[in-house]
Amino acid sequence: MSGIHTIKFRLNGRAVAKHVEPRTSAADMIRHVSGLTGTHVGCEHGVCGACSIVLDGAVVRGCLVFAVQLDGADVETIEGASDSGRIAALQAAFVDRNALQCGFCTPGMLLIAAELLSREPSPSREQIREALSGNICRCTGYEAIVDAVAAAAKVKP
Amino acid sequence: MTGATTKAVGSSHRRGDATLFVGGRGTYIDDVAVPGVLHVAFLRSPHAHARIVAIRTAHADAMPGVVRVVTAADLAPLCKGWQTSQTYPGYVLRTQYPLATDRVVFVGQAVVAVVAESRALAEDAVELVEIDWELLPPACDLEGAMAPDAARAHPDLAGNLAYQADVGDPENRALFDEAACVVEAAFRFNRQTVMPMETRGVVASYLPGDGSLSVYQSHTAPHQLRSLYATHLGLDEGRIRVICPHVGGSFGAKIHLYSDEVATVAISRLIGRPVKYIADRMEALLADIHAREQIVTAKLALDAEGRFVAWRAETRLAMGAFSTHPGSSVQEADEAVRLAMAPYRVPHVGGRLEVVFQNKNIVGQYRGVGHPIAAAIGEHLIEKAAAAMGFDPVALRLANYVPDDAYPVKTRTGIDLDALSHQACLRRLGEIIDIPALRAENERLRGEGIHRGFGIACFIERTATNAPSNAHIRKATAQDGITLSVDPSGAVRCAISVTDQGQGTHTVVAQVIADELGVPFDRVRIVSGDSQATPYGSGVRASRGTAVGGELALQASRELRAVILEAAAQLLQTGAERLSMTDGMIFPAGSEEGNGISLADLAEVVHFKPQLLPRGAQVSLSLSRHLGHDWPALVPTNGVQASLVEVDVRTGAVRLLRHWAVDDFGTIVNPLLVAEQVRGGIAQGIGQALFEELVYDPGGQVQNATLADYLVPLASDLPDMVIDHVETPWPHSVLGAKGAGEAGTTGAVGAVLNAVNDAIRPLGASITELPMTPERMLAALNRL
């Protein structure tokens, strides 16, 4: 059960090696070992979506994945998605529409919205609401987020 | 004059911090890094009411990685305990301690703290602490709370009644006996919680060397915390610094002080090392303030013409085991009874409130504080009366409103109201919704077996609490302050006592300063949330950010502008009265810009070349101002909301189709930010109306303390919302702004309640228990 494991994976495009306990969640490792604090921990049982990360191309809950499961994987956090410019249109739309208040859910919202737009470039409002419905926002009432995602969809090439 | 500059006030400036948040670059409490920090985990009570017979900590204490196991006995020399700061005559109080002493009185109460090298190790060690309990009967039944044989929430209580008050006119049964129509209802508002996305947390560092204490905390009022920690821990307030970093939502949860927070700070004092406590979600659901739980009976009497004759409401609030601190738990019930029917002319308005102890978590001040209940009960009975008497509910309201031109007025319950606009708001609502057509469509659909309902709720709120409040809360409602200064670069720095949790306080304050000073918006930087860097004040609560912070910014900016123009006049060898500043350029009226001087150049002179100015008093491009006694204690606002819903009578599910709001926030500084405050507030009101309930079993166990089981509205649950405004500036300030943060929540509960009842009234059904879950809906429809 105990013992320290060494894992090697790609984090935001760079090869990294980390030493982790088997019980450490991916979210906790990313936050407290890698120091990437844009991955937020909201509920620790996979409901709220604040800890979303991109694991081998799919958005997953960082609190439901153990760090050791990242061994050999390709991981992107909000910082990586932001720095690469991949979600720039969404970020600009979120700021312009004030689609965030406290900002705690925002990284997860952006990652899940980007995933939606990658598979459905012109989603309806219902599709956007459905795609966001696994991520909890307590500040906005969601409408501004839906507007921002719709606006970003129009901007995308 | 250039004259081409756009005014910042009234425009939808984007928030500067939003660009940080979209990159994941906010700094929340768990992101605060302090070298050598230790981690705290709590053993929390598994029982609603029990005596602590023995605590055995040896196994936990011996675990590798554990630094200290802390019980109440360890903290007793450091903290004498506390009671609420907001007292009322006859309010029975019980003292809270950082950790439970000899008894636990609700599930989730902190009992033992473990300090360890990591949070995981601290949690491991909590599992090794052994406690012998002697179970006591729990007091959890609200209806039966005052029965002679009822269990007592604390054994030394004479009864569970903590506070009672009669409000307004005494009961006059004849008015109801003789009225043409009386409608009444019994309401139940079930217990819910606040649920900001970021849980509470504290990082505390006490340095034994110099007796200084630094506290980082997810909170909205750093100065309040500083004063309270000084008081409760016996420390020199002058040596305490409290910093509130980015706060991941508060909505009231983070205006209070909690026992686990005091315990964490006391532990740092005890062991002289930095410690960190971050609540997990279950702790948040169990121990963050709870809200709303009240049973209410209300009745409204009307004459044959539909004029309101008399109103009475009686409520009983399940306070929990203690009163909240510093603001009291009474507010939730008191505001509910005092504000009900406040929009209307009613000759007799009376009520009664009872606040009772329970072996449940503490009820505190969640967004709206009593106002959502005031609106729901009054507006529900108005629509019920309209249906009973065959009146149009809009016309019935218009016939009974206090007219917009009749203010100021004082309500029968003693509330001062001014500058409200119920008539204008409801008329505006009628302009944006074709209500007769909508009702006709609902009627047509009813013929097809589709049960739609449309409901309206109007409301009054009391916002922007300030120092001279008659509901003064010691150490919490303080005089607010601002310091403005011009840097050598011409940038304007503003340190202010109000704070920002994402609602946009910083942006709004910067907009006001930009206009009043005459500098570009992006040359203004706001500092808040740091007790060492900002003047003393109340932080943010009760929708006060813009009304109080904006007014402070306006008054200070006007004074600093005069100082700047006087200094510039000396350099330009002209009279200050001839000068003006726009976009950071100072020049004589009517002259070319080249004849002037930039604020940056002036600041350069003042800071580095004062010899260019005449001898005499040194020019100071910095000043502090405070809002004190000449400012009203509370700013009333009003609004109206409407909801369109569809009820599936087979499943009991309520689907929201559309929601509208028309509010009067006085002067609107930033329309974008205000609209999003309203939308977010409506979502929380809808949560109360349809989804959110913390379920306690009769033994006081919480049945759904996970986010999977405590339902908050999701994107797919909510409709699009139409937001509109009437602007009646607050006449007692220069800016004219009123509080906007809670109106959405306040109006939504009643609007949805009325829409649902409108949908099911033709089926002979009604519902007055919230949330209106599918199960309760089916019971109301007699289909269970």
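**Close-up views of a predicted two-chain model**

**View 1. Contact of helices α11 and α12 in chain B.** Val394(B), Arg397(B) and Leu398(B) of α11(B) meet Gln423(B), Leu426(B) and Gly430(B) of α12(B). By class, the residues of this contact are 3 nonpolar, 2 polar and 1 charged. The structure shown here and in the other views is a predicted model. Helix α11 spans residues 393-400 of chain B and helix α12 spans residues 422-432; their axes are 10 Å apart and the packing angle is about 160°. Because angles over 145 degrees count as roughly antiparallel, α11(B) is roughly antiparallel to α12(B). The crossing of α11(B) and α12(B) is left-handed.

**View 2. Crossing of helices α5 and α6 in chain A.** Helix α5 (residues 125-132) and helix α6 (residues 143-155) of chain A cross at roughly 115°, and their axes come within 10 Å. The crossing of α5(A) and α6(A) is right-handed. From α5(A), the contact is made by Arg125(A), Ile128(A), Arg129(A) and Leu132(A); from α6(A), by Ile145(A), Val146(A), Val149(A) and Ala150(A). These residues comprise 6 nonpolar, no polar and 2 charged.

View 3. Of the 8 residues of helix α1 (residues 26-33) of chain A, 6 are buried, so the helix is largely enclosed by the rest of the structure. The buried residues are Ala26(A), Ala27(A), Asp28(A), Met29(A), Ile30(A) and Arg31(A). Their cover includes β2 (14-20) and β3 (52-55) of chain A. After α1(A) comes Gly35(A), with a positive phi near 75°.

View 4. Most residues other than glycine have a negative phi. Glu44(A) has a positive phi, near 60°, and is placed in the loop between α1 and β3 of chain A. Phi of Asn782(B) is also positive and near 60°; Asn782(B) is in the segment after α19 of chain B. A residue is buried if 20 or more other C-beta atoms lie within 10 Å of its own, and exposed if 12 or fewer do. Glu44(A) has 21 other C-beta atoms within 10 Å and is therefore buried. Asn782(B) has 9 other C-beta atoms within 10 Å and is therefore exposed.

**View 5. Cis peptide bonds in chain B.** Most peptide bonds are trans. His325(B) and Pro326(B) are joined by a cis peptide bond with omega about 0°. Pro326(B) is in the loop between β16 (308-320) and α9 (330-339) of chain B. A cis peptide bond also joins Leu770(B) to Pro771(B), with omega about -5°. Pro771(B) is in the loop between β31 (769-770) and α19 (774-780) of chain B.

**View 6. Domains of chain A.** The domain assignment divides chain A into domain 1 (5-80) and domain 2 (87-155). The C-alpha centres of domain 1 and domain 2 of chain A are 22 Å apart. In the contact, 12 residues of domain 1 touch 11 residues of domain 2 of chain A. The domain 1 side has 6 nonpolar, 6 polar and no charged residues.

**View 7. Contact of chain B with chain A.** The contact involves 43 residues of chain B and 40 residues of chain A. On the chain B side, the elements that give two or more residues are α1 (18-21) and α17 (671-691). The largest share of that side, 7 residues, comes from α17(B). The side of chain B that touches chain A has 20 nonpolar, 13 polar and 10 charged residues.

Notes: Residues numbered from 1 in each chain as written. Chains lettered and ligands numbered in written order. Predicted model: local features only at pLDDT ≥ 70, side-chain atom pairs only at ≥ 80, totals over all residues. Axes fitted to C-alpha atoms, helices over the stretch in contact; angles between N-to-C directions. Helix = DSSP H or I, 4+ residues; strand = E, 2+ residues; numbered from the N terminus. Left-handed = near helix turned anticlockwise from the far one by under 90°. Contact = placed C-beta atoms within 7 Å. Nonpolar A, V, L, I, M, F, W, Y, C, P; charged D, E, K, R; others polar. Parallel < 35°, antiparallel > 145°, perpendicular 65-115°, else oblique. Domains from an automatic or database assignment.
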